[in-house]
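Me: I would like to go through this assembly by question and answer, starting with how its chains meet.

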Amino acid sequence: MEEVIKLDSLIKKYDRSFSLGPVNIAFPKGFSTALIGANGAGKTTLMDIICGITAKTDGEISYFGTAGDADDGDTKERIGYCASQGMFPAGWKIKDVALSMSLAFEGFDKERFFALLAGMDVPADKYKRKSLSQLSDGMRMRVCLASAFARDTDLLVLDEPGASLDPLMRDRLCERFRDYIDSGNGKKSIIFSTHNIADMENSADYAVIMDNGEVTEQGFTEDLKDKYIIISAEPDRKDELSGLMLTCSCSASMLSGLALCENKEKLMAHGAVTERPTLSQLSVELLKLAEKRRMSKEAQK
Amino acid sequence: MIKAVRIFNSNVLFKTAVLMVVIIALFFGTGFALGVNAGENADLSQQAEQAGEEISPETLNIIMSCVLGYISAMAITGSAVNMFYKTDGCKYARTIKNADKLFCSSLVGSQLLSHLTAIALSGVISAIMTLFDCTKALNIPLMMLFSLASSLLFDIIIRPLLSTKSGNARFFLLLITLFFVSAVVSAVFIATQTLSYQILLISGGILTLATGIGAVISTVSSCRYIRRNWLS
Amino acid sequence: MKILLNSDIPIYKQISADFKERIMNGSIPAGEYLPSIRGLAKELKISVITTMKAYEELCSEGLVSAVQGKGYIVNPQDTGMIKEQYMRLLEQHLQDALDCARLAGLTVDETAEILKTLGNIN
C-alpha cells in the first residue's frame, strides 16, 4: 500500500509540559484517515507538523513518497489545511480570505469558494460586512472548510472538522469527504482528527488512535474491527474472563470490555457473548487500555 | 513584493496610502483656495512678518512634512506590524510556502509604500503651496527629504515593536518615539531658522542617511526575528 | 442495494452477499466491471475500506478478479458447480437444524413446518 505521508520516529518537544512521539505512522494514499484521541493527545500538534506550521524536533517526514520538508517543491501547494480554530486573522472578512488565498495558492478557485460557502449556508453576500471574529464557531469552521475544499489539492488535513458543525452539516461534510476521495481516483487522501468518532464512523478508512503524545494503535478500520472483539458477560464470570480481556469494566449486573478476536472461542466457552466493535466502541476501549497501561507504568516508577 | 503585501494585508495598505494623499491634497487645496477667495492675504510670509512672528513658512512646511512623514509610516508600516501580531497567532499564514520570507517581503513592501506615501504627501503640499505662491519651488526637495527621514525614523522601532508582547509596553514604546520625534521637530525648527538652504539640505541628507541605516538594521533584525519565530 | 448500518452482519458482508447473489443469478454478467471502490463507497455512504474488503472477499471466493489500475472484473461462473457447493452447505445446515430439533423433541414434520413459516416471514 502506498502512503501519502509517512512519519518516521517523529518527535516534538515543548518546554516540559508536553512532548509528542516518537511517532511512526504511514497514512495510506487514496483513503481517509482519522486521528482519534482525547483532548491533548497531540493530534493538532501532529497535523501542524505535517503541514509545516510547527517545526519538528526530530525525525523524518516523507511527503507523497519523498522525504523532505513541507516548504520543499510544491508540497504546500498540494496540501489543504483547515484548523479547528485560529486559522485566519480575526479581523479578516470572507472577501479578504478569498483575495489572500487566490494570491497565495495557484490552485485556489474563488468561484468555487463562494459556491461552496453558499452550499454550506454561509452566503458571502450576506456576511460581507462581518469580520470572521463576528461569526459563530460553526460559521468560521465552514469558511475554513470551504477555503480548503476550494483548492486543487492532493491531501486535506482537517483538524476537528466536525466539532462545531450541526449533525446535518456533519453528514454533508462526510459526503464531501467521499466526493473528494472519489474524485482523486486513488490519488487524493484526507487526514482528519476527531474526539467524537461516532458521527464520522463511516468516513474513516484508516484509524490512528493516540494517547498522551503516542500512537496506541493504527490500522485499516475493517482490520481493526476483525482484530478486536467486544465482550459482554455475567459479572460472576469475572475471574475466568478478566485474564483474557484487554479492558474490563464490571458492574453489579454486567461485565463488559474488549478482547482480542483470537480469544473469541475461549471467551465464549466461559459464557461470554461477543460482537464486532464499531469504530467508536473500539476507540473508547483502546483509549481506556492506553490509560490503564500509562497508569501502571507511572505506578511502577 | 506587491503580491506579498496583498496576501497579508488584503489591499488595505494601498487604499490607506492613496486615501492619505487624497485627503491631504483636498484639505490643503480647498484651504488655500478658500483663503485666496476670501481675499485674505495670500502671501503667508508677509502675513507672518506683519504679525511679527519669527516663524517662516519654510519652517512650517518642513515641520509639517516631518509630521506627515511620520504619520504615514505609523499608519502603513504600523499596520503591517499589527498584521504580524495577528498572523503570528493564526495558522493560515504558515500553510503558505515560504511564509516567513513572504511575510518579511510584505513588511519591507509596506515600509517602501510608507516612504513613497511620505514623499508623495510632502510633494502634494509643496506643489499646492507653490501653486498659490506660498513657497519657493526650491523648498520642495527639502520638504521631501525631511518627510522621508521622519518616515524612516519609524522603521527603527519596528524591531522592538515586533517582539514586544504586551499592549502596554508597545504603547510606552510609541510614546518614547513620539517624544524623540518631537525633539527632532524642534531641532528642525531651530535649524530652519538659523541655517542656510545648502546646510539645511546637507543636514537633511545626513538625517535621511542615518535614519535609513537604522531602518535597514532594524528591518533585517525584524526579518530574522519573524523567521525564527515562525520556524519554531 | 440494501445496506443496514447497525445490523449484526458486518457491512462488507452485506455488500459481498448482494454482489454474490447478483453474479450468481446473472444480473451482473461475466466480463463486466464492478463499480469502483471509491465510487461505490460514495454512493453507499460508507468508508472506502469497507467496499474494498467486500470486493476482496468476492475475489478470494473466485467470483471476481482484480485488474491492476482498472478495478474488479466478474469472472465467468461455473454456475452448476457453485450451485452444488451451496447445496452441500444447505444440507449441512439442515442437518444441524434436525439435530437441534431432535434435542428439542420435535418431529421432522414439525421442523419442516417451522421452516415453511420462516420462509413465509422472509
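The questions below concern a predicted model.

Me: Which pair of chains has the most contacts?
Reply: Two pairs of chains touch in this predicted model. Of the pairs that touch, the one with the most contacts is A and B.

Me: How much area do chain A and chain B bury between them?
Reply: Chain A puts 25 residues into the contact and chain B puts in 21 residues. Carbon and sulfur atoms account for 60% of the buried area. The total for chain A and chain B is about 2,000 Å².

Me: Which residues form the salt bridge across the interface of chain A and chain B?
Reply: The rule finds one salt bridge across this interface. A salt bridge needs a side-chain nitrogen of Lys or Arg within 4 Å of a carboxyl oxygen of Asp or Glu. The closest N and O atoms of the pair lie 3.1 Å apart. The residues are D48(A) and K91(B).

Me: Which element gives the most to the side of chain A that touches chain B?
Reply: Across the interface, 12 residue pairs are in polar contact, both residues at pLDDT 80 or more. On the chain A side, α1 (43–50) and α3 (94–104) each supply at least two residues. By class, that side has 14 nonpolar, six polar and five charged residues. With six residues, the element that gives the most is α3(A).

Me: How many helices are there in chain B?
Reply: The C-alpha trace of chain B spans about 65 × 30 × 30 Å along its principal axes. From the N terminus on, its elements run α-α-α-α-α-α-α-α-α. Chain B has zero strands, and its helices number nine.

Me: Which residues lie nearest the centre of the largest pocket?
Reply: The largest pocket holds about 730 Å³ of space. Elements giving two or more residues to its lining are α2 (37–44), α3 (48–60), β1 (64–67) and β2 (71–74) of chain C. Its lining comprises 11 nonpolar, six polar and five charged residues. Of the 22 lining residues, those nearest the centre are N185(A), I37(C), R38(C), G69(C) and K70(C).

How values were computed:
Residues numbered from 1 in each chain as written. Chains lettered and ligands numbered in written order. Predicted model: local features only at pLDDT ≥ 70, side-chain atom pairs only at ≥ 80, totals over all residues. Heavy atoms only, no water. Contact = heavy atoms within 4.5 Å. Buried area = accessible area lost by both parts, 1.4 Å probe. Polar contact = N/O pair within 3.5 Å; in protein donor to acceptor, adjacent residues only side chain to side chain. Helix = DSSP H or I, 4+ residues; strand = E, 2+ residues; numbered from the N terminus. Nonpolar A, V, L, I, M, F, W, Y, C, P; charged D, E, K, R; others polar. 1 Å grid on protein atoms, 1.4 Å probe; cavity = no way out; pocket = protein on both sides within 12 Å on 5 of 7 lines; lining within 4 Å. Points joined across faces, edges and corners; volume = space filled by probe spheres on them.
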